[in-house]
Each structure stands twice: as structure tokens, then as C-alpha cells.
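These are my notebook entries on one structure.

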Amino acid sequence: MKETIEKFYTAFAAKDPEGMVACYHKDIHFEDPAFGVLKGEQAGSMWRMLCNSQKEKEFCVTFSDITYTEGKGTAHWEAQYEFSATGRKVHNKINAFFEFEDGKIIKHIDSFSLRRWASQAMGIKGFLIGGTRFFKNKLQEKTKHALAAYMAKQNS
């Protein structure tokens, strides 16, 4: 399953969402601080939306420290990009946890400091409110709305 994690992040670095989605089980459970919980097609569509938004932009994903034991895996990955809403550079450092079923990723949880991310993406305002539950809830509301609009557009 280490190979599956490597394949997932190699596809991400290449901005290849279909390669990423191919690593996911159809019943995938994804979770992170920015999107909250996404299941099934939502998770795949999130990666499609994110990769497509970075197509013509400088975007760098690196990964390391992949581990796998007894149906579970971990990885460290980093993303460097420009946050489109502010034009500010972001270098996000993420720890990922995976569970596998039928040779595919069934559970994927990304963990990172939302306050650190918000500070980079939004400056002092992000630093001041980025660690609050209010900010997290508002961000998840916004990202889920954007994802729903993206999915509706893809299905029309």
C-alpha cells in the first residue's frame, strides 16, 4: 500500500486528479481542516477542483516519510502555491493518515495547522482568527459551497 500512497502524491504533484482518484475506494472518507468531511464522489471532485485551479500556476507538492503497517499508512506532504484570493504565497505542511480496503484508500485524513495556513494565506487577519472555531466553520462552509458549485457545473 506504500506504492498506492506514492502513486497518489505523484499524481497530485503532476496535477493529475484522475490518477489520485484511482487510488481511492468508491466509499472514501476524506477529512481535513479546510473542507471538513467529504465522502465518495465529493472527495474525488475536491481533488479535481483543486488540481484544475492550479493548472497554469506555480504549484509544488512534495511528499516523504511514507509508512504502512496492517492496513494503515501515513505520509508527510507539503504544498507550495499562491492563494488565489489574496495572491499570498502559502507553504502548507500536512501529515496524512490512511486506511485501506480492497487495495485502495478508504480513509484519508489530512492534518495541518489552520492558523499557520491562514496566517500565510491572509496575513495578520488570518493569524488573529485562523485558530478559531468560527474561522474553521466559515472556511468549511465556503469550501463546501465552492465544491458543490464545481460538482454541479461538471454534471451539467
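This is a predicted model: local features need pLDDT of at least 70, side-chain atom pairs count only at pLDDT 80 or more; totals for chains, interfaces and linings use all residues.

**Entry 1**

I began with the backbone. Most residues other than glycine have a negative phi. I looked for exceptions.

Asp102 is one of them: its phi is positive, about 55 degrees, although it is not a glycine. Where does Asp102 lie? I found Asp102 in the loop between β5 (88–101) and β6. Asp102 counts as exposed, at 67% relative accessibility.

Asp65 also has a positive phi of about 55 degrees, and it is not a glycine either. I placed Asp65 in strand β3, which covers residues 59–69. Asp65 is exposed, with a relative accessible area of 57%.

**Entry 2**

Next I turned to the helices. Two packed helices are described by the angle between their axes and the distance between the axes.

I took helix α4 (residues 114–122) and helix α6 (residues 133–155). Their axes come within 11 Å and cross at roughly 70 degrees. Angles of 65 to 115 degrees count as roughly perpendicular, so α4 is roughly perpendicular to α6. I noted the crossing of α4 and α6 as left-handed.

Which residues make the contact? From α4 I listed Leu114, Trp117, Ala118 and Met122. From α6 I listed Phe135, Lys136 and Leu139. By class, the contact of α4 with α6 has six nonpolar residues, no polar ones and one charged.

I followed Leu139, which lies in helix α6. Is Leu139 buried or exposed? Leu139 is buried, with a relative accessible area of 13%.

I then checked what Leu139 touches, not counting residues up to four places away in sequence. The partners are Ala34, Leu114 and Trp117. Ala34 is 105 residues from Leu139 along the chain, yet their C-alpha atoms are separated by 6.2 Å.

**Entry 1: α3 against α6**

I stayed with α6 and looked at α3. These two helices pack at an angle of about 90 degrees, and their axes are 10 Å apart. That makes α3 roughly perpendicular to α6.

I wrote down the meeting residues. In α3 they are Glu41, Gln42, Ser45, Met46, Arg48, Met49 and Asn52. In α6 they are Ala146, Leu147, Tyr150 and Met151. The contact of α3 with α6 divides into six nonpolar, three polar and two charged residues.

**Entry 2: salt bridges**

Side chains of opposite charge can pair when their charged atoms come close. I wanted the total. How many salt bridges are there? The count comes to four.

I started with Arg48 and Glu18. They form a salt bridge whose closest N and O atoms are 2.6 Å apart. Arg48 lies in helix α3 (residues 41–53) and Glu18 in helix α2 (residues 17–21), so the pair ties together parts that are 30 residues apart in sequence. Arg48 is buried, at 16% relative accessible area. Glu18 is partly exposed, at 44%.

Arg48 also meets Glu41 in a salt bridge, at 2.9 Å from N to O. Glu41 counts as partly exposed, at 48% relative accessibility. Salt bridges that share partners join Glu18, Glu41 and Arg48 into one network.

I then checked Lys26 and Asp27. Their side chains meet in a salt bridge at 3.2 Å, N to O. Lys26 is exposed, with a relative accessible area of 66%. Asp27 counts as partly exposed, at 46% relative accessibility.

**Entry 3: Ile109**

I closed with a strand residue. Ile109 sits in strand β6, residues 104–111. Ile109 is partly exposed, with a relative accessible area of 26%.

What is Ile109 in contact with, leaving aside its neighbours within four places in sequence? I found Glu31, Asn95, Ala96 and Phe97. I also checked Thr74. Ile109 and Thr74 are 35 residues apart in sequence, and 9.5 Å apart in space, C-alpha to C-alpha.

Technical notes. Residues are numbered from 1 along each chain as its sequence is written. Side-chain values use heavy atoms; hydrogens and water are left out. Axes are lines fitted to C-alpha atoms, for helices over the stretch in contact, and angles run from 0 to 180 degrees between N-to-C directions. Helices (H or I, at least four residues) and strands (E, at least two) are DSSP runs, numbered from the N terminus. Angles under 35 degrees count as roughly parallel, over 145 as roughly antiparallel, 65 to 115 as roughly perpendicular and the rest as oblique. A crossing is left-handed if the near helix is turned anticlockwise from the far one by less than a right angle, and right-handed if clockwise. Contact means heavy atoms within 4.5 Å. Ala, Val, Leu, Ile, Met, Phe, Trp, Tyr, Cys and Pro count as nonpolar, Asp, Glu, Lys and Arg as charged, and the others, Gly among them, as polar. Buried means under 20% relative accessible area, exposed over 50%, partly exposed in between (1.4 Å probe, protein chains only).
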